[in-house]
Amino acid sequence: MRLVNVRELKIETSKVLGAMLRRGPVVITRRGRPIALMRSLSSRELDIRFAPLWDRIRLAAERAGY
C-alpha cells in the first residue's frame, strides 16, 4: 500500500490515480498521519452502495420542483 501526502495528491492527482489502479489502495496522509484510504470502485459496487441514495436525492429534487 502506497502512502501519499495531501500536497502530492494535489500536484500529481493523475499520477497517484494511475498508481492506485496499477498497485492497489493508497493511504492519504497529512503531516505524516493517515487521514483517508483511496481505492478503486467498480460500477457494480457503485450501483449497490449509492443507488438508494440517488433515488432519495432524485425524489427530494422532484418534490422541490427540480
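Reader: Quick one to start: in strand 2, what is the bridge partner of N5?
Author: The model here is a predicted one, and in it the bridge partner of N5 in strand 2 is T29.

Reader: And which residue does T29 stand opposite in strand 3?
Author: In strand 3, T29 stands opposite P34, while T29 itself lies in strand 2.

Reader: Is T29 buried or exposed?
Author: T29 counts as buried, because its relative accessibility is 10% and the cut-off for buried is under 20%.

Reader: What does T29 touch, leaving out residues up to four places away in sequence?
Author: With those sequence neighbours left out, T29 touches L3, V4, N5 and V6, and also P34 and I35.

Reader: How do the strands run, parallel or antiparallel? Take strand 1 and strand 2 to begin with.
Author: Strand 1, which covers residues 2–5, runs parallel to strand 2, and four bridges join them. The pairing of strand 2 with strand 3, residues 33–38, is antiparallel and extends over five bridges.

Reader: Why would you call strand 2 largely enclosed?
Author: Strand 2 spans residues 26–30, and four of its five residues are buried, so the rest of the structure largely encloses it.

Reader: What about the turn in the hairpin, how many residues sit between the strands?
Author: The hairpin of strand 2 and strand 3 has two residues between the strands, and R31 takes a positive phi near 55° there. R31 has that positive phi although it is not a glycine, and its place is in the loop between strand 2 and strand 3.

Reader: Is R31 buried or exposed?
Author: R31 is exposed, because its relative accessible area is 82% and exposed means over 50%.

Reader: Let me move along strand 3. What does L37 touch, and is L37 buried or exposed?
Author: L37 lies in strand 3, and, not counting residues up to four places away in sequence, L37 touches M1, P25, V26 and V27.

Reader: How many Å separate the C-alpha atoms of L37 and L59?
Author: The C-alpha atoms of L37 and L59 are separated by 31 Å, with the two residues 22 apart along the chain.

Reader: Changing topic to helix 2, which residues are buried there?
Author: In helix 2, the buried residues are V16, G18, A19 and M20, and the buried residues of that helix pack against strand 1, helix 1 (6–11), strand 2 and strand 3.

Reader: Where does T13 lie, and how does T13 count for accessibility?
Author: T13 lies in helix 2, which takes in residues 13–23, and T13 counts as partly exposed at 35% relative accessibility.

Reader: What happens just after helix 2?
Author: Just after helix 2, G24 takes a positive phi, with a value of about 110°.

Reader: Now helix 3. How many residues does helix 3 have, and what span does it reach?
Author: Helix 3, residues 43–63, has 21 residues and reaches 28 Å from its first C-alpha to its last, which is close to the 30 Å expected at 1.5 Å a residue.

Reader: Where does helix 3 bend?
Author: Helix 3 bends at F50 by about 50°, and a proline, P52, follows within four residues. Just after helix 3, G65 takes a positive phi of about 95°.

Reader: Stepping back, what pattern does the chain follow along the sequence?
Author: The chain has three helices and three strands, and read along the sequence they follow the pattern β-α-α-β-β-α. The chain is more spread out than a compact globule, because its radius of gyration is 17 Å, well over the 11 Å that the globule rule gives for 66 residues.

Reader: What box do the C-alpha atoms fill, and how many of the 66 residues, as a percentage, count as buried?
Author: Taken along the principal axes, the C-alpha atoms of the chain fill a box of roughly 45 × 25 × 20 Å, and 17% of the 66 residues count as buried.

Conventions: Residues are numbered from 1 along each chain as its sequence is written. This is a predicted model: local features need pLDDT of at least 70, side-chain atom pairs count only at pLDDT 80 or more; totals for chains, interfaces and linings use all residues. Side-chain values use heavy atoms; hydrogens and water are left out. The expected span of a helix is 1.5 Å times one less than its number of residues. The bend at a residue is the angle between axes fitted to the seven residues ending there and the seven starting there. Buried means under 20% relative accessible area, exposed over 50%, partly exposed in between (1.4 Å probe, protein chains only). Two strands pair if DSSP finds at least two bridges between them. The radius of gyration is taken over C-alpha atoms; the globule rule is 2.2 Å times the number of residues to the power 0.38. Contact means heavy atoms within 4.5 Å.
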